[in-house]
Amino acid sequence: MKRTMAACLALSWAGASLAQSGLIVSGGLDLAVAHYKGEGGGSRTQLISGGNQNSRLNIRGREDLGGGWYAGFELEAGIAADTGAGLASNTNNQVSGIVPAGSGNVPSLTFNRRSIVGIGGEWGELRLGRDYVPSFWPIYLYDPFRTGVGFGGITILGTTVTNLRASNSIGYFTPGCDAVCKGPFAQLMYALGENGSGSAAPDDGRVAGLRLGYGAPTWEVSIARSKTTSAAVADFTQTSGGGFLETKWARLMLLVGENRTGRPVAPLNNGTRAPFWQLGALVYLPVGYVPVAYTRVTRNDPDSSSASKISFGYVYPLSKRTAVYTTYARIANKNALAIPVNVGADSGPTPEAGRGASGWDVGLRLTF
Amino acid sequence: MKRTMAACLALSWAGASLAQSGLIVSGGLDLAVAHYKGEGGGSRTQLISGGNQNSRLNIRGREDLGGGWYAGFELEAGIAADTGAGLASNTNNQVSGIVPAGSGNVPSLTFNRRSIVGIGGEWGELRLGRDYVPSFWPIYLYDPFRTGVGFGGITILGTTVTNLRASNSIGYFTPGCDAVCKGPFAQLMYALGENGSGSAAPDDGRVAGLRLGYGAPTWEVSIARSKTTSAAVADFTQTSGGGFLETKWARLMLLVGENRTGRPVAPLNNGTRAPFWQLGALVYLPVGYVPVAYTRVTRNDPDSSSASKISFGYVYPLSKRTAVYTTYARIANKNALAIPVNVGADSGPTPEAGRGASGWDVGLRLTF
Amino acid sequence: MKRTMAACLALSWAGASLAQSGLIVSGGLDLAVAHYKGEGGGSRTQLISGGNQNSRLNIRGREDLGGGWYAGFELEAGIAADTGAGLASNTNNQVSGIVPAGSGNVPSLTFNRRSIVGIGGEWGELRLGRDYVPSFWPIYLYDPFRTGVGFGGITILGTTVTNLRASNSIGYFTPGCDAVCKGPFAQLMYALGENGSGSAAPDDGRVAGLRLGYGAPTWEVSIARSKTTSAAVADFTQTSGGGFLETKWARLMLLVGENRTGRPVAPLNNGTRAPFWQLGALVYLPVGYVPVAYTRVTRNDPDSSSASKISFGYVYPLSKRTAVYTTYARIANKNALAIPVNVGADSGPTPEAGRGASGWDVGLRLTF
């Protein structure tokens, strides 16, 4: 090893080739034509990226270290496939840290979806980097849509930058666990906001989270909570839980949870609490399947505001890797709420408060 | 398929490896030393990216779906190889949508050159995403230079963001057709500006285009038009057509067309119309070839303004994938026109109105 | 070749597959938990990218042209692995040219670390693009840490954008030479600032550099100088030299040099000159090795300002490609100097002038 110290960092393409051991490049692209209406807010037709599956490019690898130990990494860049642009990451889990600076929903490329190194063994896995917060997984795994027009999470997600992921995180997973886990499992995350001790809010951007669950061959249950110390919205606590049951004719899903902040947060404008629940299913047909969901969110400030969303679609597989799909969703807002059907750069127009919104898409998704 | 629903979106590198079936990574890099003069505007020496071939990184794949059907994708990032930076994309085919926001010609990486998914069969191919507008192809295919100092298109291209490509597009191609097509062929494009129905200009950024042609083994003819509904320059209509004839000693090329806008557009500052034509050839030598072109553009406002460009070069192949080249070009502006020899981040200095400009480069291009 | 002219630029994934001959994708990721203290400046805990080895993604290729000639390329993107974001490049070797515009240390992805094409043979190698300046290599090669908490270069590097790399460069290397060279070797670089002849500072951003050395199986010596013509800090001249000696139990390293500017430059605030020297070693243990270094920098304005840094660590290899490590460093500032332990986005808090700073990290690095 000694004589290779200098060479191991050498950058020369004039030298010998590195082995590409363990490197995997994969990804998925999904584009759909979507049409949205928001009552009192007009209509909008768009080409949207990720109507059924988020568009992304993934590079990962894994090395066997012997004795049951392994090391690995994963880099995943979100792609706004309708434009070829990327999606934003964040340096400090604070609103000030959005990367690229000043970018909205469609900036240039970053590995915003995941940037991790890890080491694991029979004891589980330790990870460093940017990763999903624990409370994201139930919201994702127990939603039949997961993204796009039908996604129930749009009524659930607040506006903090740590809804989905946190940078600067240290994570622990029980053995063999990532998104999908078997047997009893746990995920812990602690992410650093990285403010100095002398700053006005030293803990701003700190995230602490826990997910606990049990994964069986035909069902799974889990519960999770992530708390972000945030100067912008006071502390933000996302709680989620639920499960699925696989049957011959359908995967049935239940999701319950609550977003809690110390100050009003758009789009819910929830003073303190916004509990939600969702019933969903993937109904298997002889060819393809039908995702369907009913989602309901309420909030306690102003009292009796609520929104209910009905979503259904059809996914027709052209192969194991490719499918065409269509989705329809309608949201009914009550009192102060004004939630559109989709979120982000590909959202529909915002309806007037207390009024409805609807949308449909037709798209093509593929994985590679 | 049923039980793999959850797993198909799982991101774990702790799990099994995805097959890399059909994934192709390729690209090209081209760097040249260029020296420019603009009469009354001084001189400039630069390292330019894409003197002979645009620098890019390409990821694509294709899956056979059976029955003559296939699905595929392509992501292509332009690279400013002199700096390692990227090139801009656009979210809405409007000036306001340049990505990254506020970037000039050299921003960070995006898949600005292409970001598409498609599905095809004997009936042709349907595509979604960011792709070349139909009227680009004649301007590109019938120009012996296509980029760099010698590129005739610099006298042709206006300043709208949809000169070359459009985001949010829906495209149709006759079977087996992309840049190069065989037999009678057609390309249709309709791209969405994505403004809401209540916006001041609901159709801003909408692009509609058509290309028709015939490709034979030794010749091709085609004609195309792309119209962008644009609030910034009123509607922008680019018409282009021409063809090539392959002989033993040369590929002969003819290109004609017109840029038409409702308001003045730099660098042509054409009130309404700027017709152009170009005669070009790739003259084959025993080793290598000589690209040569004469390009002329006129405009009707102010009357009798015009520019003529003479370009010639030499490309010496070192292998099928690698070549060295040199180019020289001179442009003569008349009256109000002040067109430099090259465009973008690697342009020469702008001459005074009505005066000439010239430039040369020496470069190395390779593909991988 | 003639009939393939048009096809060679065609972008169609509907066509035949390109061969991936010679393309290599590799890289490295490194993340560590770091804690910093700066006396009078507080403390800070961070997840840092590149505690032991800079995080990066590399794409390169090489083609044999026959007769001993070859062509090749290298694209390398720096990754802020704690966030998945990228690092900045520069268009013109001037402060105005930072890409993405307005970005700090953590922007979106660019091939900031290297973007080169080259051609070589028995006569050496000619390169174009963005590459390391000659005076960087001794500072990197003769430092046992090279990055992170222990890096001696933080007391050395000024703030010009050409400390490490220059865009728009033309380079020459003696045969078989890149970072690590054998026998007598030389590297020349000339990089263009690309300002026009009529600009206020036509030569701003121009870099000229030379490195000379001799590489033996167990030792190496080299000396280098890079001069940047800079309107921002007047001319910036970086001189570096030193060598290493490989023994059974250690690699011993010596580094000496000087940064020289015409005007004050933070963090050294050196009016004109800041000479430095460093003694370092990689001490080989039965398992793993201990990097250790003592670095001292002085400056002549104000007189008798200085800083001394002691760094040591331990690197424990888990395989040839993966290691865990820890580092500790302490810096003592005298008089006007106020240098923190690390630099960039992952720096520790700046101490008060004349006071000390310290830091440690624990991390995981892997290459792929």
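User: Hi! Which side chains meet in a salt bridge with B:Glu63 or A:Arg321 in it?

Analyst: Those two pair with each other: the side chains of B:Glu63 and A:Arg321 form a salt bridge, at 3.6 Å from N to O. Keep in mind that this is a predicted model.

User: Thanks. How many salt bridges are counted between chain B and chain A?

Analyst: The count there is 1 salt bridge.

User: And how many residue pairs are in polar contact across that interface?

Analyst: The rule finds 12 residue pairs in polar contact between chain B and chain A, with both residues at pLDDT 80 or more.

User: How many residues of each chain are in contact there?

Analyst: Chain B brings 52 residues, and they are in contact with 66 residues of chain A.

User: What area do chain B and chain A bury between them?

Analyst: About 5,000 Å², with 64% of it on carbon and sulfur atoms.

User: Let's move to chain C. How many residues do chain C and chain B put into their contact?

Analyst: Chain C gives 52 residues and chain B gives 66 residues. The area buried between chain C and chain B is about 5,000 Å², and carbon and sulfur atoms give 64% of that.

User: Which side chains meet in a salt bridge there, and at what N to O distance?

Analyst: B:Arg321 and C:Glu63 do, at 3.7 Å from N to O. The rule finds 1 salt bridge across the interface of chain C and chain B. It also finds 12 residue pairs in polar contact across that interface, again with both at pLDDT 80 or more.

User: Stepping back, what rotation superposes chain B on chain A?

Analyst: A rotation of 120°, with 0.0 Å of shift along its axis, and the RMSD is 0.0 Å. The two copies are thus related as by a three-fold rotation axis.

User: New topic, the inside. Which residues touch the most other members of the largest nonpolar core?

Analyst: That core has 72 residues, and the ones touching the most other members are A:Leu29, A:Phe73, B:Leu29, B:Phe73, C:Leu29 and C:Phe73. As general background, nonpolar side chains in soluble globular proteins tend to be buried together.

User: Let me pick one of those. What is C:Leu29 in contact with, leaving aside its neighbours within four places in sequence?

Analyst: In chain A, the contacts of C:Leu29 are A:Phe73, A:Leu75, A:Ile116 and A:Val117. In chain C itself, they include C:Ser55, C:Ile79, C:Ala81, C:Leu364 and C:Phe368.

User: Are A:Cys177 and A:Cys181 buried or exposed?

Analyst: Both A:Cys177 and A:Cys181 are buried. The torsion about their S-S bond is about 55°, so the disulfide is right-handed.

User: What about chain B, where are the sulfur atoms of B:Cys177 and B:Cys181?

Analyst: They sit 1.9 Å apart, and B:Cys177 and B:Cys181 form a disulfide. Both of these cysteines in chain B are buried.

User: And which residues does the disulfide in chain C join?

Analyst: C:Cys177 and C:Cys181, at 1.9 Å from S to S. With 55° about the S-S bond, the link of C:Cys177 and C:Cys181 is right-handed, and both residues are buried.

Key:
Residues are numbered from 1 along each chain as its sequence is written. Chains are lettered from A and ligands numbered from 1 in the order in which they are written. This is a predicted model: local features need pLDDT of at least 70, side-chain atom pairs count only at pLDDT 80 or more; totals for chains, interfaces and linings use all residues. Side-chain values use heavy atoms; hydrogens and water are left out. Copies are superposed by least squares on the C-alpha atoms of residues with pLDDT of at least 70 in both. A nonpolar core is a set of buried Ala, Val, Leu, Ile, Met, Phe, Trp, Tyr and Cys residues joined through side-chain atoms within 4.5 Å. Buried means under 20% relative accessible area, exposed over 50%, partly exposed in between (1.4 Å probe, protein chains only). Contact means heavy atoms within 4.5 Å. A disulfide is a pair of cysteine sulfur atoms within 2.5 Å. Buried area is the accessible area (1.4 Å probe) that two parts lose on being put together, summed over both. A salt bridge is a side-chain nitrogen of Lys or Arg within 4 Å of a carboxyl oxygen of Asp or Glu. A polar contact is a pair of N or O atoms within 3.5 Å; within protein, one must be able to donate a hydrogen and the other to accept it, and residues adjacent in sequence count only if both atoms are side-chain atoms.
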